[in-house]
Amino acid sequence: MTLPLTGTGPSAGGSYAGKVLSYSPIAYWPQWEPSSAVAQCLVNSAQNGTYVGVTLGQPGIGDGRTSPFYDGVLDYADVYSVPLRDAFSAVLGSVHGWFRVFNAGVWADAAARYVFLLAADGNNRILLQRTGVNNDLGAYYIAGGAISSTFTVACGGRTDWLPFAMTWNTVANRVRFYIDGAQVGADVGGLGVWVGNLANGWCELGSYNSAPNQPWHGYLAHMAVWDRELTLGEVEDLAVV
Amino acid sequence: MTTQHIYFGIENLALNDTQRGLLVTALRALGPSSHPQPACLCHWRTRLDGQAAIFEALFNEDHITIDAFKNRLGSIFGVDPATIGHNIRLVTFSNRQSAVVTFSRGGTDYLRVVFFGYAGADWPTWMESGDECRAYLRANAAEWESQFT
């Protein structure tokens, strides 16, 4: 018997991390370490990331775990690895995670701030950012230099944890974006042609790069990547702790 | 040893590339060599033009004094640190005053250092120092950030 909405995820019990893993991501950084510069990947330790500057052990999403605080100045996590590069698909994939701004002022500070970036270069990028427009969150699938898909969501004032998901399917020519377990707008098509593989210095949590430019100011948790489209049911399930 | 977890910034005014490199290398070595909390290890970012940087770490207080910077500059220049002068300007980026210290020698300003949230009396908390630094970055976004959408 298949449980509706939950896939194989243990929504009725077990840990939130167990739920994420049950959907078979290709990479998963829960970011719950109490200390250490290593952002552990629960799928493959060869995909462990490296924290720079974050403050670990801060309140988490409510799963009994902690999260890192990114200071909006100097902090990020570099998650590039060769195994991630090889497992990643720009043709078909998803990212799911949770973010929380430090305070309401972050939505009004006119500063663009990245939640995540997975990219081959400046012309081939998948990203989520608090845009430079106050109160706006923007998700982008950029391939071949063209901004193929943009979603903008007004999130001003939201200081709670927000689960998000972004899925892409270039065969079906669609990108979808979800907040709080619900799809934002309609599918967007017109996708460009992705060129290249994920590259060192272009796979970051909490910033655009290792400079770091456009650093996140707040908390991030449970970032995971798939090589398939998550379904609405799966996204709904992952939006529940 | 008294430590302070703060942010400070430097701006090159007249150091040549070699001198600037020596200074940056010395500053990146500040802070603990290991620490369970990444925020306490020295980390930094550089302004887009490469002529300024911001550092954060759990610093030994003795390593971030005006005299400590004069000693570094004296070593870099190969001169007596006592020949290096300074002046202080107080600036408020958000809520607390920050000391902006300009180091000079022979009538030339070589280096500017800003201690975010510290004006020479009470040290700021880490969050207070960060608040001043974030406010500084907001006020100078064009010099520190490109728009990467």
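Helix H3 of chain B covers residues 126-139, and its end C-alpha atoms are 20 Å apart. That agrees with the 20 Å its 14 residues should span at 1.5 Å a residue. The model is predicted.

**Helix H3 of chain B**
- The buried residues of H3(B) are B:Ser129, B:Gly130, B:Asp131, B:Glu132, B:Cys133, B:Arg134, B:Tyr136 and B:Leu137.
- These buried residues pack against elements of both chains: strand S5 (66-71) of chain A, and strand S1 (3-12), strand S3 (52-60), strand S5 (97-105) and helix H4 (141-144) of chain B.

**Helix H2 of chain B**
- Helix H2 of chain B runs over residues 66-77, and its 12 residues should span 16 Å at 1.5 Å a residue.
- Buried in H2(B) are B:Phe69, B:Lys70 and B:Leu73.
- They cover an arc of only 100° around the axis, so they lie on the same side of H2(B).
- The general rule is that an α-helix has 3.6 residues a turn, so residues three or four places apart point the same way.
- The partners against which the buried residues of H2(B) pack are S5 and strand S6 (108-115) of chain B.
- After H2(B) comes B:Gly78, with a positive phi near 75°.

**Chain B as a whole**
- Four helices and six strands make up the secondary structure of chain B.
- Read from the N terminus, the order of these elements is β-α-β-β-α-β-β-β-α-α.
- The radius of gyration of chain B is 15 Å, close to the 15 Å that the globule rule gives for 149 residues, so chain B is as compact as a globular protein of that length.
- The C-alpha trace of chain B spans about 40 × 40 × 30 Å along its principal axes.
- Buried residues account for 33% of the 149 residues of chain B.
- Of the contacts in chain B with a separation of 6 or more, 55% are between residues 24 or more positions apart.

**Chain A as a whole**
- Chain A has three helices and 16 strands.
- The radius of gyration of chain A is 16 Å, close to the 18 Å given by the globule rule for 241 residues, so this chain is as compact as a globular protein of that length.
- Along the principal axes, the C-alpha atoms of chain A fill a box of roughly 45 × 40 × 35 Å.
- In chain A, 54% of the 241 residues are buried.
- Residues at least 24 apart are joined by 63% of the contacts in chain A between residues at least 6 apart in sequence.

**Where the chains meet**
- Contact between the chains involves 25 residues of chain A and 22 residues of chain B.
- On the side of chain A that touches chain B, the elements giving two or more residues are strand S3 (49-52) and strand S4 (55-59) of chain A.
- That side of chain A consists of 14 nonpolar, nine polar and two charged residues.

**The largest nonpolar core**
- The largest nonpolar core has 105 residues, and those with the most contacts inside it are A:Ala27, A:Phe116, A:Leu117 and A:Leu220.
- Apart from neighbours within four places in sequence, A:Leu220 is in contact with A:Gln31, A:Ser67, A:Pro68, A:Tyr70, A:Gly97, A:Phe99, A:Val115, A:Leu205 and A:Gly206.

Terms used: Residues are numbered from 1 along each chain as its sequence is written. Chains are lettered from A and ligands numbered from 1 in the order in which they are written. This is a predicted model: local features need pLDDT of at least 70, side-chain atom pairs count only at pLDDT 80 or more; totals for chains, interfaces and linings use all residues. The expected span of a helix is 1.5 Å times one less than its number of residues. A residue is buried if 20 or more other C-beta atoms lie within 10 Å of its own, exposed if 12 or fewer, and partly exposed in between; C-beta atoms are placed from the backbone. Two residues are in contact if their C-beta atoms, placed from the backbone, lie within 7 Å. The radius of gyration is taken over C-alpha atoms; the globule rule is 2.2 Å times the number of residues to the power 0.38. Ala, Val, Leu, Ile, Met, Phe, Trp, Tyr, Cys and Pro count as nonpolar, Asp, Glu, Lys and Arg as charged, and the others, Gly among them, as polar. The arc is that of the directions from the helix axis to the C-beta atoms. A nonpolar core is a set of buried Ala, Val, Leu, Ile, Met, Phe, Trp, Tyr and Cys residues joined through C-beta atoms within 7 Å.
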